[in-house]
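I opened a new entry for this structure today.

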Amino acid sequence: MNTDIIFSIITGTFVGLASGYLGSLMVLRKMSLVGDALSHVALPGLALGILFNFNPFFGAFAALFASIIFIWLIENKTKLSTETLVGIFFTLSLAIGLVITPEPELLEALFGDISKTSAPDAVIAVILSLVAIFVVRRVYNKLVLGTISDDLAKSVGVKTKKIDFVFLLIVALIVALGIKVVGTLLMGALVIIPAAASKNISRNLGSYAGLSALFGLLSSLAGIYLSSVVEFAPGPLVVLTSASLFFVSLIFKKS
Amino acid sequence: MGVLKVTDLSVSFGDFNVFHDISFEVKKGEAVAIVGPNGSGKSVLFRAILGFISYSGKVEWAKNIKIGYVPQKLFVDMHFPVSVGDFFSFKTKSKQAINEALNSVGIIGNEKYLRHHVLSKKLGALSGGQFQRIMIAWAIINKPDILLFDEPTSGIDVGGEETIYNLLHKLQTQNKLSLVLISHDLNIVYHYANKVMCLNKEMVCFGEPHQVLDPASLSKLYGGEAKFYHHEH
């Protein structure tokens with residue numbers, strides 16, 4: 001096994017773990033499709049990174065950061081319908097991204113390519129994944145309570161707006177990281193599918209969050225390993241693995 | 001002063017005036033019911049006095065008061081992976097406090113029973129009556145001085161309604177808890193409330209139910225002929 005594949009497996013494992021864990025909250029908050037749409041925004045950022053020769057991760061994160069501020073502002077400061085605006089804005093940025101991304105890199109940007117992970121990239125991904133998990137863990141219960149009822153959370157002193165913002169920031173971070181693994185088009189799957197599978201078989205929050213993180217980790221690990229064996233792009237294989245876990249979970253679904 | 005004093009409270013969303021110039025007071029150990037048609041601003045009144053939305057006027061709470069609140073709408077479906085135990089853990093880590101709160105809403109059992117038959121259940125799998133009991137237990141866990149309850153009996157069948165009100169009444173008298181309830185059921189108001197507020201964009205009435213709920217104010221409240229007559233037993 002060469003060192004490249006080791007770095008990519010390490011990166012994939014940690015990003016998968018963090019995506020699964022964060023995804024459990026996104027599914028509970030019915031934000032699955034926001035995550036999906038959000039990942040499209042990363043494309044122009046990635047393209048700028050490629051064009052101007054800086055780390056595309058930072059380009060993607062900057063684009064995502066700008067767009068979550070945008071979402072947060074329309075949700076909190078205006079009475080506009082978020083859904084439509086998000087739909088327009090995000091597909092627009094996908095289109096812009098498609099136009100400005102150089103052709104040779106387009107496939108990689110759309111579907112990810114983790115096989116070219118360098119040691120510094122892996123270190124950044126591991127550290128940022130751990131930071132994301134740590135932060136999410138601290139606000140997890142408050143976010144769930146806020147999902148059950150925003151007013152109920154406020155009544156026990158939870159600062160819901162502030163926590164929602166922190167949560168969106170972490171979403172941007174994880175999406176930017178995950179794009180390396182599965183690309184902008186499939187990122188939604190990395191956060192949604194593990195949580196959906198876990199929700200089928202969990203009766204309490206601990207097992208839901210834990211299994212979701214575990215499924216995220218397993219699908220990344222298995223997908224990336226498979227891709228090195230069959231020599232096919234890892235992104236789709238990661239998603240196929242996690243989808244298989246979802247179908248298995250349906251069999252064990254508890255009412 | 002009592003537990004809560006509200007003076008000239010008005011709320012508007014943009015140009016839309018939800019209600020205006022509401023003034024009332026809640027004293028210690030009192031049960032106040034708020035009645036009014038749909039859209040009359042009852043839930044908004046709660047959200048304003050709790051400080052969740054902006055308002056004009058004055059809302060004064062007694063010093064160091066502890067407030068329990070049960071909102072009307074909770075987003076919990078059958079598949080929501082949160083157990084009753086998880087839900088309590090959002091408020092306290094103390095098992096004893098949880099068990100005490102469960103006991104005081106009539107869910108009685110030793111720690112093992114509660115753990116296996118109550119706390120491990122999914123929140124969304126509870127029946128309407130069980131769910132409201134759990135909500136009450138959750139709200140009273142830190143021994144509040146006042147409980148604000150938005151439609152205590154939504155989603156509960158007729159038999160269950162009375163049980164919930166009996167429970168609230170018991171908590172009110174035993175713990176000297178003040179209650180402010182939003183209710184659609186005037187029968188309940190006559191039976192359990194010390195004071196009633198009729199709300200429909202403005203305060204149509206406030207006072208003891210037998211004195212203020214006359215046909216005139218009811219018709220002003222609900223419009224047209226009041227359909228409800230109270231029978232003395």
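This is a predicted model: local features need pLDDT of at least 70, side-chain atom pairs count only at pLDDT 80 or more; totals for chains, interfaces and linings use all residues.

**Entry 1: helices α9 and α10 of chain A**

I looked up α9(A) and α10(A), the latter covering residues 234-251. Their axes are 7 Å apart and the packing angle is about 135 degrees. α9(A) and α10(A) are therefore oblique to each other. I recorded the crossing of α9(A) and α10(A) as right-handed.

Which residues of α9(A) meet α10(A)? From α9(A) I listed A:F215, A:L218, A:S219, A:S220, A:A222, A:G223, A:I224, A:L226 and A:S227. Facing them in α10(A) are A:P234, A:L237, A:V238, A:T241, A:S242 and A:L245. Sorted by class, this contact of α9(A) with α10(A) has nine nonpolar residues, six polar ones and no charged ones.

**Entry 2: helices α2 and α3 of chain A**

Next I took α2(A), residues 32-51, and α3(A), residues 56-77. The two axes come within 7 Å and cross at roughly 140 degrees. α2(A) and α3(A) are therefore oblique to each other. Their crossing is right-handed.

The residues that α2(A) gives to the contact include A:L38, A:V41, A:P44 and A:I50. Those from α3(A) include A:P56, A:F58, A:L64 and A:S67. How many residues of the contact of α2(A) with α3(A) are nonpolar, polar and charged? I noted 13 nonpolar, four polar and no charged.

**Entry 3: chain A as a whole**

I then stepped back to the whole chain. Chain A has 10 helices and zero strands. Its C-alpha trace spans about 55 × 40 × 30 Å along the principal axes. A compact globule of 255 residues would have a radius of gyration near 18 Å, and chain A has 18 Å, so the two agree.

**Entry 4: where chain A touches chain B**

I looked up the contact between the chains: 17 residues of chain A are in contact with 19 residues of chain B. On the side of chain A, the elements that give two or more residues are α6 (119-148), α7 (150-155) and α9 (205-230). Which element gives the largest share of that side of chain A? It is α6(A), with five residues. By class, the side of chain A that touches chain B has seven nonpolar, six polar and four charged residues.

**Entry 5: chain B**

For chain B I counted nine helices and nine strands. The box filled by its C-alpha atoms is roughly 55 × 40 × 35 Å, along the principal axes. With 233 residues, a compact globule would have a radius of gyration near 17 Å; chain B has 18 Å, which agrees.

Chain B is divided into domain 1 (1-65 + 145-233) and domain 2 (75-143). The centres of domain 1 and domain 2 of chain B, taken over C-alpha atoms, are separated by 26 Å. Nine residues of domain 1 and nine residues of domain 2 of chain B make the contact. Helix α6 of chain B (residues 158-175) supplies five residues, the largest share of the domain 1 side. The domain 1 side that touches domain 2 of chain B divides into six nonpolar, three polar and no charged residues.

How values were computed
Residues are numbered from 1 along each chain as its sequence is written. Chains are lettered from A and ligands numbered from 1 in the order in which they are written. Axes are lines fitted to C-alpha atoms, for helices over the stretch in contact, and angles run from 0 to 180 degrees between N-to-C directions. Helices (H or I, at least four residues) and strands (E, at least two) are DSSP runs, numbered from the N terminus. Angles under 35 degrees count as roughly parallel, over 145 as roughly antiparallel, 65 to 115 as roughly perpendicular and the rest as oblique. A crossing is left-handed if the near helix is turned anticlockwise from the far one by less than a right angle, and right-handed if clockwise. Two residues are in contact if their C-beta atoms, placed from the backbone, lie within 7 Å. Ala, Val, Leu, Ile, Met, Phe, Trp, Tyr, Cys and Pro count as nonpolar, Asp, Glu, Lys and Arg as charged, and the others, Gly among them, as polar. Domain bounds come from an automatic or database domain assignment. The radius of gyration is taken over C-alpha atoms; the globule rule is 2.2 Å times the number of residues to the power 0.38.
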